[in-house]
Amino acid sequence: MTELKRVGVLTSGGDAPGMNAAIRATVRACIYYGLVPVVIQEGYKGLIENHMAVADARSVANIINQGGTFLKSARCQEFRSKEGRLKAYENARAAELDGLVVIGGDGSFTGAMLLEEEHGLPCIGVPGTIDNDIYGTDFTIGYDTALNTVVEAIDKIRDTATSHNRLFFIEVMGRDAGFIALNTGIASGAEDILIPEQEKTVELFMESLQKSGRAGKTSSIIVVAEGDRSGGVFELSRAVEENFPEYEVKVTVLGHIQRGGKPTCFDRVLASRLGVAAVEALRNGDSDIMVGLHDLKVVKTPLEKAISKHNQIDSHLMKVARIVSV
């Protein structure tokens, strides 16, 4: 490997609170170790279009508390082609980059892995996604902030639900993973939680709702992951209106509010640890890996494994959800 002198950093995929903290940590770790940090705008698109600049410690001042990513993120169809990745590599080589830190999710890591496989540019992944579905880390950057945002919103919705004997279906993000729905459902005292990992038909849901009625519940909060396989919040709301006319049914889709906002203390610290760990991994000669957190310690996972596998829902936590919702 070429002696490490210049390190690029970019954010890719969906934005997540804490990405700015990770950029900041990466830049300042480079400076601490005598390396030149190069920030890349708009993810892989910026690499292809040569939107790069040398950063210093002041370049990343006062961003640790900001949501989103000040480097911005963008979809880049051109990077999906070999020709596009070759162009990205040629620009990286012209900028004398000896390594690249990629902050994002599994799609971003796939790009990093291909860039390294095809052109030998050492890449380190830093998991930044609110979904918490990346294998090899207990927590992804942005997940804790999203949980707190959702719980705050549900607490407010419950106020009106109890005031009017309403049943609210609340859709949260999680197309393929139910981590947000499961954890926020428990934390907000939801009467039921529907996630992609658990098969639950409309009929089974109706039985659950009947039990709630028999238990004397006059209002309900149902948290539904967007990837739930029972039909989605609007199909479920129609079914309830037909079978339980006594309920006034409302639907709230929280949407992209879950991605925004100031990162929590946990996400700021996590992002700082992983940004530093990414630079240290490059200095140690590591590449084609993701740095993550397991049992509160920084760990390394091959990018291929981080991409091909997914975190599993804790079955005990699902049992807890059933117990506390009686």
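## A loop residue to start with

E199 sits in the loop between β7 (192–194) and α7 (202–214). Those labels come from DSSP runs numbered from the N terminus: helices are H or I runs of at least four residues, and strands are E runs of at least two. E199 is exposed, at 53% relative accessibility; here buried means under 20% relative accessible area, exposed over 50%, and partly exposed in between, using a 1.4 Å probe and protein chains only. Along the chain, E199 and S230 are 31 residues apart, yet 7.4 Å separates their C-alpha atoms.

A word on what you are looking at: this is a predicted model, where local features need pLDDT of at least 70, side-chain atom pairs count only at pLDDT 80 or more, and totals for chains, interfaces and linings use all residues. Residues are numbered from 1 along each chain as its sequence is written, and side-chain values use heavy atoms, with hydrogens and water left out.

## The sheet

Now let's turn to the strands. An open sheet of 7 strands runs in the order β3-β2-β1-β4-β5-β10-β11, with mixed pairing. Its edge strands, β3 (52–54) and β11, each pair on one side only; two strands pair if DSSP finds at least two bridges between them. On average, neighbouring strands of this sheet are turned by 25° against each other, direction ignored. For such angles, axes are lines fitted to C-alpha atoms (for helices over the stretch in contact), and values run from 0 to 180 degrees between N-to-C directions.

You can see both kinds of pairing around β10. Strand β5 (residues 123–127) pairs with β10 in the parallel sense over 2 bridges, and I124 has I289 of β10 as its bridge partner. By contrast, β10 and β11 pair in the antiparallel sense over 6 bridges, with V291 bridged to K300 in β11.

## The largest pocket

Rolling a probe the size of a water molecule over the atoms shows where empty space is left. The search uses a 1 Å grid over the protein atoms alone: a pocket is an open set of points with protein on both sides within 12 Å along at least five of seven lines, and lining residues have an atom within 4 Å of a point.

The largest pocket has a volume of about 970 Å³. It is lined by 36 residues, of which G13, G14, R75, D106 and G107 lie nearest its centre. Helix α4 (residues 106–119) gives the largest share of the lining, 6 residues.

How many disulfides does the structure hold? It holds 0, where a disulfide is a pair of cysteine sulfur atoms within 2.5 Å. For C76, the closest cysteine sulfur is in C123, 15 Å away, which is too far for a bond. C123 is in no disulfide either, as its nearest cysteine sulfur, that of C30, is 14 Å away. C76 is buried at 15% relative accessible area, and C123 is buried at 0%.

Technical notes: 1 Å grid on protein atoms, 1.4 Å probe; cavity = no way out; pocket = protein on both sides within 12 Å on 5 of 7 lines; lining within 4 Å. Points joined across faces, edges and corners; volume = space filled by probe spheres on them.
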